[in-house]
Amino acid sequence: MQQHLEIEFKQLLSKEDYYTLLHHFKKDEKDGYQQINYYLESKDQILHQHHYALRIRYKDQRYELTLKRPYLQGRMEHNAYISHEQFIQIKDHGCLDHPILRSIV
């Protein structure tokens, strides 16, 4: 399992700014990649109440589980790759009741 400190800055872009940056850094939009982010929460919103975030990212045919928790500055991220079967189990059967999550909380 990996761990790192996240300090990020987000900027809302207009469509024109997006394409300007896209063409500045890449030749064509097809040179990019696709990722899908799944954000999970318990029914009682316990993660939100404690300022945590739980995400599973699908990219390059891999699933990465990320738990973000408050830290002194920014958020500490705990990352672990999981199988497709683990992804389905976490997504369909509750995000907090899973051994891989208990090991990082």
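Is tyrosine 19 buried, partly exposed or exposed, and at what relative accessibility? Tyrosine 19 counts as partly exposed because its relative accessibility is 30%. The legends below describe close-up views of a predicted model.

**View 1. Tyrosine 18 and tyrosine 19 form an edge-to-face aromatic pair.** The structure holds four aromatic pairs. In the pair shown here, the ring centres of tyrosine 18 and tyrosine 19 are 5.0 Å apart, and the angle between the ring planes is 80°. Because an angle over 60 degrees between planes is classed as edge-to-face, the pair of tyrosine 18 and tyrosine 19 is edge-to-face. Tyrosine 18, with a relative accessibility of 36%, is partly exposed.

**View 2. Tyrosine 58 and tyrosine 63 form a tilted aromatic pair.** The ring centres of tyrosine 58 and tyrosine 63 lie 4.7 Å apart, and their planes meet at 45°, so this pair is tilted. Tyrosine 58 is partly exposed at 27% relative accessibility, whereas tyrosine 63 has a relative accessible area of 12% and is therefore buried. Both residues belong to one aromatic cluster, made up of Tyr38, Tyr58, Tyr63 and Phe87.

**View 3. A nonpolar patch on the surface includes leucine 21.** The patch is formed by Leu13, Tyr18, Tyr19, Leu21 and Phe25. Together these residues present about 490 Å² of accessible area. Leucine 21 is located in helix H1, which spans residues 15-25. With a relative accessibility of 38%, leucine 21 counts as partly exposed.

**View 4. Glutamate 77 and lysine 68 form a salt bridge between buried residues.** The count of salt bridges in the model comes to two. In the one shown here, the side chains of glutamate 77 and lysine 68 meet at an N to O distance of 3.5 Å. Glutamate 77 and lysine 68 are both buried, a class that requires under 20% relative accessible area.

**View 5. Lysine 91 and aspartate 92 form a salt bridge between partly exposed residues.** The side chains of lysine 91 and aspartate 92 meet with an N to O distance of 3.2 Å. Lysine 91 is partly exposed, its relative accessibility being 37%. Aspartate 92 is likewise partly exposed, at a relative accessible area of 46%.

**View 6. The charged end of arginine 62 sits over the ring of tyrosine 81.** In this contact, the charged end of arginine 62 is 3.6 Å from the centre of the tyrosine 81 ring.

Technical notes:
Residues numbered from 1 in each chain as written. Predicted model: local features only at pLDDT ≥ 70, side-chain atom pairs only at ≥ 80, totals over all residues. Heavy atoms only, no water. Patch = residues over 30% accessible without salt bridge, like charges linked within 9 Å, V, L, I, M, F, W, Y side chains within 5 Å. Areas by Shrake-Rupley, 256 points an atom, 1.4 Å probe, with all protein chains shown as cover. Salt bridge = Lys/Arg side-chain N within 4 Å of Asp/Glu carboxyl O. Helix = DSSP H or I, 4+ residues; strand = E, 2+ residues; numbered from the N terminus. Buried < 20%, exposed > 50% of the residue type's maximum accessible area, 1.4 Å probe, protein only. Phe/Tyr/Trp six-rings, centres within 6.5 Å; stacked < 30°, edge-to-face > 60°. Lys NZ or Arg CZ within 6 Å of the ring centre and 35° of its normal.
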